[in-house]
Amino acid sequence: MGQPDTRGRGPVRYGPHAPESGLPVLPELAAVLAAAAGRTEPEPPGGGAVLRDAACGYWWRRGLRCHPEDLAAAPGAQPLLSALVAAHGGDVLMPRPCPAWWTPQARLLGRPAYHVPTPAECGGVPDPFALLETVRRVRAEGGRPAVLLLSVADDPTATVAPPEVVREACEAAVDEGLHIISDETWRDTLHDPHDTVLVSPAEMCPDDVTVLCDLSGALTPGAWPAAVARFPHTGRGPARRARTLDRLTALGAQVAAPVAAAAAHALGEPAPVTTRAAATAALHARVAAAAHRTLLDAGALALPPRAGRHLYADLGPLRGRLAERGVTDSMELEDYLTDRLGVPVPGGHRFGDELGALRVRLATWSLLGATPEERTESLTAAEPLESPHVTEALDRFGSAFHELGEPR
């Protein structure tokens, strides 16, 4: 769960890992993977029939109709996004901030990537007027904007974009001829699924949206890389899928057979999988809400977390106190809080934010306990915030921020 070591590598900035659940592997999934360990035949590029059939069922249950020939699978979201972007010509647009792993994919392909500001009430989706202005500017400078990446349930901000914001942004993008790639990795981690409305862009603009889902968001462990994409059945969707499969084939980007078996099982959403996913989301929601209150009490800013296993904090109001401690930008803030909290705290510059903005993403897994056993105990506790190890972790978290209110 530490930061990646980039020594000896090229100029592409590699982002931190996505927020982990911090919980042990579900025994039922481990059993499925172990049972498939003897498989010797590889999965075909794009995923085998069983995996794609299971993914079809997953999306049908969410109101997105599709068929196996509309899907492609890959060993993780990174190679799948790289293949998707490579299948389109032109430049890439994405919100600011955005998932740390998006920009490296564009850079590896040699594609210009442009960040667009988000509305005040959420992240993950660009402000529609800022999007139009960015497209106009890029074209005026000789660029060719072609793809918009967005995430309705967002990493890093942990927000869920309201349907009206999603619609306005998608309509603006489609009117300008952009194809939309909607990263819906975190859609099944809503903190209050009965009070939060999440609408996929594919429901609004079915012919112009490809949906991407990394299964490690809610269904499988991050160490078992598997991701799936759903292409439009009409228009240029089949041709885009074919070009994506060409690139996955050339890369040898095939899901490992045992992982494919476990992923298909998870996508089928049997009771143990859905129960674990719901319990995990509820646990992280409770802890994230407590951490959010702590941040506000300390004088920091943060939008209320609505999904995922993280928060995005703006320590701009504490700039003076941080300067007294030698912290003047997000790189220094990353080092400062990583040292204070003892866990990686990536700065906002990793998510496309300006270096001078004092923002960080804070994962909540470290607040569940110090060991897998303690985190499992937190998962099953009736009142997890009253567990001694959770209380201790939240106290440490609070101390690291409240000391910033005290003179040096």
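This is a predicted model: local features need pLDDT of at least 70, side-chain atom pairs count only at pLDDT 80 or more; totals for chains, interfaces and linings use all residues.
S7 has strands to pair with. Strand S1 (residues 71-74) runs antiparallel to S7 and is joined to it by 4 bridges; in that pairing, Ala74 sits opposite Ala227. Strand S6 (residues 209-214) is also antiparallel to S7, again with 4 bridges, and here Leu212 faces Ala229.

## The main core

The largest nonpolar core is made of 58 residues, and the ones with the most contacts inside it are Leu51, Trp59, Leu131, Leu148, Leu215 and Leu267. At least two residues each come from helices H2 (49-60), H5 (128-140), H6 (163-175), H7 and H9 (257-267), and from strands S1, S4 (145-150) and S6. H9 gives the largest share, 7 residues.

Take Leu51 as an example: leaving out neighbours within four places in sequence, Leu51 is in contact with Glu43, Ala73, Val255, Ala260, Ala263, Ala264 and Leu267.

## A separate core

Another core lies apart from that one, with 35 residues, including Ala291, Leu337, Val360 and Trp365.

## Thr196 in its loop

Thr196 belongs to the loop between strand S5 (179-183) and helix H7 (201-204). Is Thr196 buried or exposed? Its relative accessible area is 16%, and the cut-off for buried is under 20%, so Thr196 counts as buried. Not counting residues up to four places away in sequence, Thr196 touches Val160 and Leu190.

Technical notes. Residues are numbered from 1 along each chain as its sequence is written. Side-chain values use heavy atoms; hydrogens and water are left out. Two strands pair if DSSP finds at least two bridges between them. Buried means under 20% relative accessible area, exposed over 50%, partly exposed in between (1.4 Å probe, protein chains only). Contact means heavy atoms within 4.5 Å. A nonpolar core is a set of buried Ala, Val, Leu, Ile, Met, Phe, Trp, Tyr and Cys residues joined through side-chain atoms within 4.5 Å.
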